[in-house]
Amino acid sequence: MHEKKKTWLTFIFEVIVLAVLFTIVQYAMTVGLINQSYQINITSMCINIILAVSLNLINGFTGQLSLGHAGFMAVGAYASVIMTNNLGMPFIVGILVGCLAAGIAGFLIGVPTLRLKGDYLAIATLGFGEIIRVVLQNIDYVGGPAGMVGITRLTSWPWLYAATIVTILVIVNLINSSYGRAIISVREDEIASELMGINTTSYKVLAFVVGAMFAGLAGVLYAHFFYIIKPETFGFLKSFDIVVMVVLGGLGSTTGAVIAAIFITFLTFALQKYAAVRMIIYSLILIIVMIYRPQGLMGSKELTRKTFARIWSGKK
Amino acid sequence: MKRKGNKYFVILVAMLLMISFVAGCGGGTAEENQATEAEKIAVGINVELSGGVASYGSNARDGAVLAIEEINAAGGVLGMQLEPIIRDCKSTADEAMSVSAALAGENIVAQIGPLTSGDVQGSTPVMMENKIPLIAPAATAANVTVDDKTGETKAYIFRVCFIDPFQGTLMAQYAADELGAKNAAIYADTSSDYAKGLAEYFKKTFVEKGGTIVAEEGFVKDDRDFNATLTKIRSKNPDFIYVPGYYQEVAPLIKQARELGIAAPIGGGDGWDSPDMVSVAGGDALNNTFFTNHYSSQDTDPKIVAFVEAFKAKYDKEPDAFAALGYDSVQLLVQGIKDANAADSVKIAEALAKITNFEGITGKMSIDEQHNPVKAGVIIEFKDGVQVVRTRIQP
């Protein structure tokens, strides 16, 4: 009884913390404390968090190296823009259709390819990402290589914030459920988990579909903020950017993915002024982190209530 | 073990805080600079210095910086010095938007760049919202300056290059009138909107001139083997082949065509303009090939000669079309500031829209009601690996 009450209290406390954070940023945006430039970076940050956390589910927790995340992002982005811009549907329909389309794409690509392992899967997903890009390039309805221009800006701070929180909540809860334990067991030892009666392929497909859906969500938010989408935006370099975030944060740590996404977005922004040496500094930082933290910034550790409690009591 | 984990966490948080501190400081000092140096006119240069089209962006930047230095040496504009603020947009539309917003925060009066149409589109909403003119050196898609849906001209977006349809039309006129071609084949890069646009307008004009298109084929970016399609084209026996695309694919394509014994003249657009054309295809194979371009560094016009010399002296390399367009973008902006008689971005935009008969390196231009320059194009022929200006066609 006491335990239950405590959980409720922490839950309420967390909701309040999240609400306060939301209100502060919202207020700062309305009174102009956060200028346009920072607003764009906060948007990039949220989109990158969604991408990194969802890819971490596939690469980190399920242990399947996917290099086609930008492909799912593209599917979500294009599907939603067709809904909102071409068919005049409200934004929420765009979001749902975008996620659904990316999820279906994830299922279609996942079922045949997830029987592959390691390098083979990586190449298959890489190929898939390229196929999406080339297909989009050759459909005139979505603008061909020039892409779709003049997309109405519908992505606002409340949508971004909600989407980020929902992504993290769903994935963390999935990992902490019995499904999640099965997913992790696939990563740890596929043969052993199969012997334990776990249908490894179906869990891999599940993780893949959920990851793809949230990549689609990121694509929807991206398209409705940045005014233009074109196939080239979602090339394999974009996929690699997301993989870098996941590896930098630590494979199998949601906290790590969030921190790395924030870190990389901020780094890109801070280095804008040093155009000439930007890529050198960026690469050097990544190399240094990888030398001293080969397991990523967070390893496979998470930042939870317990960590905070431990730090608190440690200080005492 | 647990204590160790905490230590890393603390280091991590400290690192994040440090970065945010550095970033915050950067913003602060820029604003202070503005306040103390009010007599300077800040010009944003938002170009691709890394990523896919980094070579275009860095050449345009070199041209723009040369123009700014020349203007400053001559006493500046309205008694004020121009101050370039150079930023890299990584060849992506989202980064172009982010950079534009950062530049707007530094009180620029106008922005030069980005180079590609897609990156300009990314930058557009921020420029429109902040009412700051953007001069695109080389964005050739028609919908860069005009809104597709409403058909309205975007008030703050300008360019100094001609648009895709013009190049296709120009080459068709040249092929039909000067080369006397009757049967043309088109072999275009179908993965690029630019090449598709050129091919479309070439076809339209060529057919209007009474010619016949005997074959229409396509290749995609990064293709290297064109033999199968070229053999097919050879069997149709065309007397002109139009190959709009970029030099990476066009150079091996022309080499293979000549190896197959196709002697017909081959034509293309400004995507051909690269030293790699000669080094990959070879001077022999390139004989009897023509392309449309914004200008040629081999031109004997005294203005162009002076520009080429100044550019070579400063950078020790040949200025390509992007360098010339970057240079013209700055000169056009300066004309706009002079006409507006104020370093005020809204007034400059109004003045830019009215500019007529502006003498640039890439030709005389007048800005039309869709913010496109009305200007001449050049037909360049490769002769034993050297670019020779064949003719300059005024629309």
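Between chain A and chain B there are 6 residue pairs in polar contact, both residues at pLDDT 80 or more; polar contact here is a pair of N or O atoms within 3.5 Å, one able to donate a hydrogen and the other to accept it, with residues adjacent in sequence counting only if both atoms are side-chain atoms. Bear in mind, friends, that this is a predicted model, where local features need pLDDT of at least 70, side-chain atom pairs count only at pLDDT 80 or more, and totals for chains, interfaces and linings use all residues. Residues are numbered from 1 along each chain as its sequence is written, chains are lettered from A in the order in which they are written, and side-chain values use heavy atoms, leaving out hydrogens and water.

How many salt bridges cross the interface of chain A and chain B? The rule finds 1, meaning a side-chain nitrogen of Lys or Arg within 4 Å of a carboxyl oxygen of Asp or Glu. The partners are A:Asp140 and B:Lys196, with their closest N and O atoms 3.9 Å apart.

Now the wider interface. Contact, meaning heavy atoms within 4.5 Å, joins 41 residues of chain A to 47 of chain B. Together the two chains bury about 3700 Å², 62% of it on carbon and sulfur atoms; that is accessible area (1.4 Å probe) lost on being put together, summed over both.

Let's finish inside chain B. Its domain 1 (39-162 + 301-376) and domain 2 (164-293) come from an automatic or database domain assignment.
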